[in-house]
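Please keep the structure in view while reading.

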Amino acid sequence: MEDNKIQEVQIPMQVAPPSGGGGGIHVFAPATVANVVCGFDVLGFAVNEPGDEVIMRLTDKPGITISKITGDDGRLPLDPAKNTVSVSVQHYLESVGRTDVGLDIELHKKMPIGSGLGSSSASTVAGLFAIKTLLGDESDPINLLPFAMKGEEMACGQGHADNVAPALFGGFVLIRSYEPLDVVRLPHPKDLYCAIVFPDVDVPTREARQIIRKNIQMKDAVTQWGNIAGLVSGLFMQDIDLIGRSMKDVLVEPVRSMLIPDFYKMREIAMGMGAVSFGISGSGPSVFAFTKDEETATLITQKLQQHLTGLKIGSNTYVSTINDAGPKVIARF
Ligand code: HSE
């Protein structure tokens, strides 16, 4: 994918049969930071960790089973009609005319659910990437996007793409339009580090979407689109300071920050320690900061974790550059 603009979506109609009629695959797909503060539903990027893993095996009996889910504390359904991974894979199989295929899926959650890190997207993308690879479908991964969005729709009531697209393609992604779907891969400075802190409180995306204002003031819209344009320009120009000063959100953050413990205090701490920017990851409760180096990112996560511990709130932390690779095959067997 050398071009910035990803080609228009075309659903593949024919894929090769599975080689040897058996075998399996183990796939990783990354967590993502959606919105990137000012770009609600239109911007997102992938990180190196955390991420989810899917082990998929071809079986003799047509249809999908889910034999195991780990790391979810029993919260996710094993019923293939209710699980976002199997439902998306089923849609894919129907679209490529391969409902004859039998599959068993293991899902290994390696990141918290409801964290704002694109947990359901990582699982769904891992599943779709696994079946595409197993069937030898060499078409552009963009074809998987509508199926991945089906999974999002199921998980939170609306099929937004700002988590699934970066999980699928890696890197920094702009959803220029939903109808028709037009996804643009953006460049980014290589030395941009992302410090992520997940405070262990529950913020379901479905509810975090319901509390957002439905109407906005023109003056707020002007501020917001200026910032989005500034952020995208900063990414192209490799101008980290422009990126930082553009990452301001007057539309969504003022409402959603109420769901996150001590959000503004955490921002003050991170910015005081040299962060380029700070905001909510996706629909929260995870927060993230961009920094110019790894050490600052690590120190920020440590300080914010200490702060949350003082509030008796547990947390997970991650430090990563932007992951340009997207999903990857861990093993074939
Ligand atoms: N753009 C979505 C939202 C991302 O903010 O609701 C959900 O993780």
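**Domains, ligand and backbone**

The side chains of Arg75 and Asp202 form a salt bridge with an N to O distance of 3.8 Å; a salt bridge here is a side-chain nitrogen of Lys or Arg within 4 Å of a carboxyl oxygen of Asp or Glu. The model is predicted, local features need pLDDT of at least 70, side-chain atom pairs count only at pLDDT 80 or more, and totals for chains, interfaces and linings use all residues. Residues are numbered from 1 along each chain as its sequence is written, and side-chain values use heavy atoms, with hydrogens and water left out.

The chain is divided into domain 1 (5–185 + 323–332) and domain 2 (193–321), with bounds from an automatic or database domain assignment. Taken over C-alpha atoms, the centres of the two domains are 25 Å apart. In terms of contact (heavy atoms within 4.5 Å), 31 residues of domain 1 meet 38 residues of domain 2. The two domains bury about 2,600 Å² between them, 62% of it on carbon and sulfur atoms; buried area is the accessible area (1.4 Å probe) that two parts lose on being put together, summed over both. Val37, Cys38 and Phe40 supply 26% of the area that domain 1 buries against domain 2, more than any other three residues.

Between domain 1 and domain 2 there are two salt bridges in total. Which elements give two or more residues to the side of domain 1 that touches domain 2? They are β1 (24–34), β2 (43–59) and α3 (145–156), where helices (H or I, at least four residues) and strands (E, at least two) are DSSP runs, numbered from the N terminus. Strand β2 gives the most, with seven residues.

A polar side-chain atom of Asp162 lies 2.6 Å from a nitrogen atom of the ligand. For Arg209, a polar side-chain atom is 2.6 Å from a ligand oxygen atom, and an N or O atom in the side chain of Arg256 is 2.7 Å from an oxygen atom of the ligand.

Glu49 and Pro50 are joined by a cis peptide bond with omega about 5°, and Pro50 is found in strand β2. Another cis peptide bond, also with omega about 5°, joins Gly284 and Pro285; Pro285 is in the loop between β8 (277–280) and β9 (287–291). Asp73, although not a glycine, has a positive phi of about 50°, and its place is in the loop between β3 (63–70) and α1 (84–95).

How values were computed: A polar contact is a pair of N or O atoms within 3.5 Å; within protein, one must be able to donate a hydrogen and the other to accept it, and residues adjacent in sequence count only if both atoms are side-chain atoms.
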